[in-house]
Each structure stands twice: as structure tokens, then as C-alpha cells.
Amino acid sequence: MPEPIPGWYTAEEIGWLRACRLCPRECGADRLAGGEGICGTDAGIHISSICIHRGEEPAISGKHGICNIFFTGCNLQCGFCQNYQISNPRASAEHPALSMEGVMESILRILDRGIHGVGFVSPSHVYPQVMAILRALEKTGKKPVTVWNTNAYEHPESIARLEGKISVYLPDLKYVTPELAAKYSGARDYPEVACAVVKEMYRQKGSTLQTDEAGQAVSGMIIRHLVLPGHADESIRVLEYIASHLSPRVAISLMSQYYPPGFPTGRPAPGRTLYREEYARVVDAFHSMGFGKGWVQDLESTGYYRPDFDRGHPFETGS
Ligand code: SF4
């Protein structure tokens with residue numbers, strides 16, 4: 001944590017960081033003094049990489065990719081995390097805090113290459129840091145599409161405060177069953193919280209995903225759901241929730257890329273990839289519920305999306 005307190009925070013944000021209840025974990029940690037909360041992240045800007053990402057959803061990546069900011073640490077800590085290298089509670093301590101100047105330099109270098117979007121990946125525990133980056137971006141006069149790429153374990157009021165600041169919401173909806181959320185994420189209240197979060201996003205954006213002439217999303221929401229091996233029924237319940245409480249017109253990114261984590265995450269995780277038949281059941285349900293917008297990953301995707309955050313570019317080999 002840089003000393004003294006960086007000038008990029010507002011008084012209200014400093015208050016949030018001093019006794020942190022920014023997410024439903026509500027640790028009360030003094031993040032100005034260190035990263036003692038569940039997310040393991042202090043009040044600094046800890047980032048694993050800022051890079052051009054050609055991710056899973058074509059509408060987010062566009063033709064040329066998006067400038068993704070991968071924050072370290074995470075408030076959820078799922079047993080099956082696919083980004084455990086950078087999400088684990090020690091990750092922020094392993095990535096020294098950056099200056100705002102350094103962060104902006106990296107972002108602007110990428111935007112100057114013609115990239116139109118900036119994505120905040122795992123932003124829930126670094127809400128004040130993201131607010132500060134958004135203010136710094138505004139000062140440059142740049143108006144990129146902004147993407148809030150989140151696990152959805154955050155206060156709905158925080159999402160309400162983002163209205164007008166975030167162009168595209170990209171939340172997960174991992175489970176709707178408290179027992180599963182408790183088992184894999186240690187967060188029995190995840191379903192209640194995340195459902196309220198996606199409802200707030202839906203209130204702001206509705207089901208229309210606006211795209212530009214190149215097909216890149218400029219406003220709206222896309223809900224991501226990763227199908228877990230052995231839990232096809234839960235995936236179907238998640239889809240039923242979205243269809244009945246939001247709308248089947250919401251864009252969905254149905255993901256099959258699960259693979260057992262290669263790290264001891266400290267929580268249980270399914271120990272295999274998906275069976276063809278169980279994924280087919282979820283895909284059939286997706287279509288029969290009338291979902292028409294979005295993306296359904298090929299089952300073969302499990303071999304494609306394995307980031308290595310020790311590489312200069314985590315999603316591309318050989319760079
Ligand atoms: S953001 Fe981190 S420190 Fe704050 S309440 Fe959540 S887990 Fe705890």
C-alpha cells in the first residue's frame with residue numbers, strides 16, 4: 001500500500017476501505033492498514049495484467065479485443081476457480097500496488113491502438129479502485145465501452161451506484177441453491193445476493209444488448225453461467241430463474257470450459273470435465289426455455305481457455 005493514502009480516492013471511498021463492508025463478506029478489515037480481509041487485498045491497485053483480451057463472447061471482444069484489467073484477489077474464493085493463480089488470497093501481496101499513472105499509461109497505450117473497450121475483471125472487492133480508474137479515464141476525454149466482469153457476489157446498491165458509469169454488465173450466475181454455494185464458494189448467501197445483483201443490472205439495462213456496426217456490445221448485459229460437472233440440474237435451475245425472473249431475451253453465455261483446478265484452492269471442486277450427455281441436457285433446456293441470444297460454448301472448449309497468468313499474455317501461448 002503506497003503511503004500516504006493515495007489522492008485518487010474520495011473521502012467516502014476512504015471510509016469504505018477503512019472498515020471494509022464492500023462485499024457481502026463484510027469483513028470489516030482496515031484495508032488502509034493491509035489486506036486482512038477474505039479477498040486479501042489492501043487499498044492499493046493490485047493488477048496481474050492489463051492486456052488485449054480476445055475472450056469468450058464475441059460481442060465483448062469485438063474484432064480486435066478488449067483492454068482487460070485483471071485485478072488480483074477475489075472476495076468469493078471458489079474451490080473450482082479457473083483463475084486461482086491471481087484470485088487466491090495471497091495474490092495481491094505478490095503483485096505490488098501500481099501507481100495510477102502506471103495503470104493509465106498501460107490502458108491508454110492499448111486504447112491508442114484502436115481498442116474500444118475497457119473491462120474490469122473481478123472488480124467487486126476493488127470497487128473504490130475501479131471508481132478511481134474510471135475518474136482518471138474520464139479526465140483523459142476517452143470514452144471507452146466499460147465492462148463490469150463480475151462474480152456477482154456484491155451489494156446490489158453498489159451496482160445501483162454504477163448506473164451511467166458501466167456500459168455492459170457481464171455477471172456470473174453460478175448457483176441458485178444455497179447448499180451448493182456453501183460447498184463450493186463458502187457463501188451460502190450467494191444465490192440471494194447474485195440474483196438481486198442481476199435483477200439490478202436488468203433494471204438498468206433490460207434485455208437489449210446494443211452493439212455497434214462491428215458487432216461489439218456498447219450497452220446491455222450478458223449473464224455467464226459455467227456448467228459444473230455433476231450439476232446439470234443446477235444449471236437448468238439457473239436458466240429457469242433467469243427465464244422466469246428476468247427474461248429469456250437476456251443474452252446468456254453458457255460455458256462448458258470447466259476443468260479441475262491445478263491448485264489446492266482449499267475448497268471442494270468437481271474432479272472431472274463435463275460429460276457430453278450432461279452438457280447436452282443443459283443446452284436442450286437452454287433452447288426449450290426460449291433463450292435465443294448469446295453463446296453456447298462447444299464442449300471442446302475445455303481445452304482452449306486455460307489461462308496462465310505467469311505468461312506476459314495469460315490467454316495466448318508463446319507471447
Ligand atoms: S471486499 Fe474484501 S475486505 Fe471487503 S468485505 Fe469483501 S472480502 Fe472483506
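I count a residue as buried if 20 or more other C-beta atoms lie within 10 Å of its own, with C-beta atoms placed from the backbone. The model I am reading is predicted.

**Helix 10**

I looked up which residues of helix 10 are buried and found Ala232, Glu234, Ser235, Val238, Leu239 and Ile242. Viewed down the helix axis, these buried residues fall within an arc of 165°, so they line one face of helix 10. An α-helix has 3.6 residues a turn, so residues three or four places apart point the same way. On the other side of helix 10 I noted Ser244 and His245 as exposed.

I then asked what the buried residues of helix 10 pack against. The partners are helix 8 (178–185), strand 7 (217–226), strand 8 (251–255) and helix 11 (276–288).

I also checked the length. Helix 10 covers residues 232–245, and at 1.5 Å a residue its 14 residues should span 20 Å; the end C-alpha atoms are 20 Å apart, which agrees.

**Helix 6**

I ran the length check on helix 6 (residues 127–140): 14 residues at 1.5 Å each should span 20 Å, and the end C-alpha atoms lie 20 Å apart, in agreement. In helix 6 I list Tyr127, Pro128, Gln129, Val130, Met131, Ala132 and Ile133 as buried. Their cover includes helix 1 (11–18), helix 5 (100–111), strand 3 (117–121) and helix 7 (156–161). Just after helix 6, I read a positive phi of about 85° at Gly141.

**Ligand**

I found 13 residues around the ligand, of which Cys20, Cys23, Cys27, Gly37 and Cys39 come nearest. I sorted this shell into seven nonpolar, three polar and three charged residues.

Technical notes. Residues numbered from 1 in each chain as written. Predicted model: local features only at pLDDT ≥ 70, side-chain atom pairs only at ≥ 80, totals over all residues. Near = placed C-beta within 6 Å. Nonpolar A, V, L, I, M, F, W, Y, C, P; charged D, E, K, R; others polar. Helix = DSSP H or I, 4+ residues; strand = E, 2+ residues; numbered from the N terminus. Expected span 1.5 Å × (residues − 1). Buried ≥ 20, exposed ≤ 12 C-beta atoms within 10 Å, placed from the backbone. Contact = placed C-beta atoms within 7 Å. Arc of directions from axis to C-beta.
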